[in-house]
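Dear colleague,

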Amino acid sequence: MSNHDDEKDVAGRADEFLQVFKKGAEFTQDLLKENERLRFRVVQLEETLKEKGHEVVVESPDAIELQKKIEALEHEKQEILGQIKQVEEENQNFANRYIEIEEENNMLANLYIASYQLHSTLDFKEVLQIILEIVINLIGAEEFAILLLDEKTNRLEPVASEGVATSELPSIAVGEGIIGEAVNSGENYFIDSMEGYQRDFEKPIVCIPLKIKEHVIGVIAIYTLLTQKDEFTNVDYELFTLLAGHAATAVFSSRLYSDSERKLSTIQGFIDLLTK
Amino acid sequence: MTGYKVLVVEDSPTMRQLIVFALKRIRGFQIVEANDGVDGLKKLSAEKFDLILTDINMPIMDGLKLVSMVRNDPNYKDTPIIVITTEGAIEDRERALALGANEYITKPIQTMKILETVKKLMSV
């Protein structure tokens with residue numbers, strides 16, 4: 001081989017080496033770019049996981065300890081929320097109970113005053129007036145009457161009324177109709193439905209026998225209620241029970257007292273005549 | 001102690017007792033009773049009241065007349081008036097409110113309703 005051929009061979013090899021080196025450099029560049037792209041992709045994925053609430057699993061002891069604390073706090077939070085809910089429910093129950101007690105308290109106060117008023121006098125007319133006031137103001141009746149039993153005739157005679165003239169009301173025989181039957185049974189009567197009811201003095205919507213123990217001395221017959229009163233409440237039923245007993249004793253004792261006063265006055269008149 | 005003076009005008013002693021008994025549950029209320037409108041006016045002129053509760057149907061002078069006269073008195077032009085009555089018709093309510101009543105409560109008596117209304121008007 002000549003020197004010229006040798007030089008040519010070296011130049012070709014150098015050229016070949018340069019080509020390989022150039023390709024290697026290009027490949028390295030590609031690898032670096034790919035590495036950069038993948039690192040960027042990892043960061044992107046970590047951020048996406050964080051955004052979606054997934055924890056990036058970190059295995060360090062501190063991280064595990066923190067994780068446990070977070071779980072314990074979460075549990076405690078749930079327990080406290082449960083307790084708050086329970087306390088709120090209890091509060092609501094107490095509030096409802098308070099309203100119920102208030103209503104009962106008011107009802108008892110009304111019953112106390114009604115009973116106190118009934119026994120505050122021995123004047124027969126005043127007692128009748130108090131019964132009328134109780135039935136108007138506490139029950140809300142518009143037209144009603146008090147009928148007392150005349151034991152001689154065995155008939156109920158109207159003695160006081162509201163909304164209708166007492167003279168318009170009929171006397172009723174014991175056992176006759178709703179009112180007369182209430183005297184026999186001694187049971188309160190309430191109409192089944194007030195729909196389409198037309199006032200009828202022999203067919204009241206409510207009839208309450210006035211009783212001393214089991215002895216009926218008269219009745220309260222209610223024919224109509226005030227326009228704003230469309231139904232009876234629990235207080236009304238309590239009042240009816242109170243009226244049945246207390247009004248009866250008040251009426252009975254005041255009538256006895258009035259009779260005895262009248263007799264005493266007559267006897268006193270005789271004594272005065274005899275002694276003069 | 002609120003120290004409010006309240007006048008209750010009502011001809012029925014039973015009803016008066018019921019209202020007074022209810023109002024006594026609000027601490028510090030001084031309650032004065034009147035039998036009818038005329039008695040009510042007499043008491044209103046003798047001392048200053050902060051609240052008036054009145055019935056409508058009363059002898060001598062009814063509640064509506066009383067409301068009207070009270071509203072014409074400069075001393076009582078802003079005093080709250082509550083009407084408590086058996087009259088449940090809308091026109092009765094409107095008439096009472098037009099004459100100057102602040103609230104209109106119908107019977108049968110509802111203690112809770114009366115107390116709520118009084119507390120609202122007097123801010124107690």
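Two strands are said to pair if DSSP finds at least two bridges between them, and the helices (H or I, at least four residues) and strands (E, at least two) are themselves DSSP runs, numbered from the N terminus. Please bear in mind that this is a predicted model, in which local features need pLDDT of at least 70 and side-chain atom pairs count only at pLDDT 80 or more, while totals for chains, interfaces and linings use all residues. Residues are numbered from 1 along each chain as its sequence is written, and chains are lettered from A and ligands numbered from 1 in the order in which they are written.

The sheet of chain A

Chain A holds an open sheet of six strands with antiparallel pairing, in the order β3-β2-β1-β6-β5-β4. The edges are taken by β3 and β4 (189-190) of chain A, each of which has a single partner strand, so one side of each is left without a neighbour in the sheet.

Within this sheet, strand β1 (residues 141-150) and strand β2 (residues 155-162) of chain A pair in the antiparallel sense over seven bridges, and D150(A) has R155(A) in β2(A) as its bridge partner. These two strands, β1(A) and β2(A), form a hairpin with four residues between them, and in the turn N154(A) has a positive phi of about 60 degrees. On to strand β3 (residues 172-173) of chain A, β2(A) pairs in the antiparallel sense over two bridges, with A173(A) in β3(A) as the bridge partner of R155(A).

Elsewhere in the sheet, strand β5 (residues 206-212) and strand β6 (residues 215-225) of chain A pair in the antiparallel sense over seven bridges, and here C207(A) has A221(A) in β6(A) as its bridge partner. Helix α5(A) packs on the sheet, where it touches β1, β5 and β6 of chain A, and its direction makes about 50 degrees with that of β5(A).

Two helices of chain A

Axes are lines fitted to C-alpha atoms, for helices over the stretch in contact, and angles run from 0 to 180 degrees between N-to-C directions. On this basis α3(A) and helix α5 (residues 234-275) of chain A pack at an angle of about 170 degrees, with their axes 8 Å apart. The two helices α3(A) and α5(A) are therefore roughly antiparallel to each other, a term that applies to angles over 145 degrees.

Residues are in contact if their C-beta atoms, placed from the backbone, lie within 7 Å. Among the residues of α3(A) that meet α5(A) are F124(A), V127(A) and I131(A), and those on the side of α5(A) include L239(A), L243(A) and R255(A).

Chain B has five helices and five strands, and along the sequence they follow the pattern β-α-β-α-β-α-β-α-β-α. The C-alpha trace of chain B spans about 35 × 30 × 25 Å along its principal axes. Of the contacts in chain B with a separation of 6 or more, 62% are between residues 24 or more positions apart.

How many residues does each chain bring to the contact between them? Chain A gives 20 residues and chain B gives 16 residues. On the side of chain A that touches chain B, the elements that give two or more residues are α2 (61-118) and α3 (124-139) of chain A, and α2(A) gives the most, with eight residues.

With kind regards

Terms used: Contact = placed C-beta atoms within 7 Å. Parallel < 35°, antiparallel > 145°, perpendicular 65-115°, else oblique.
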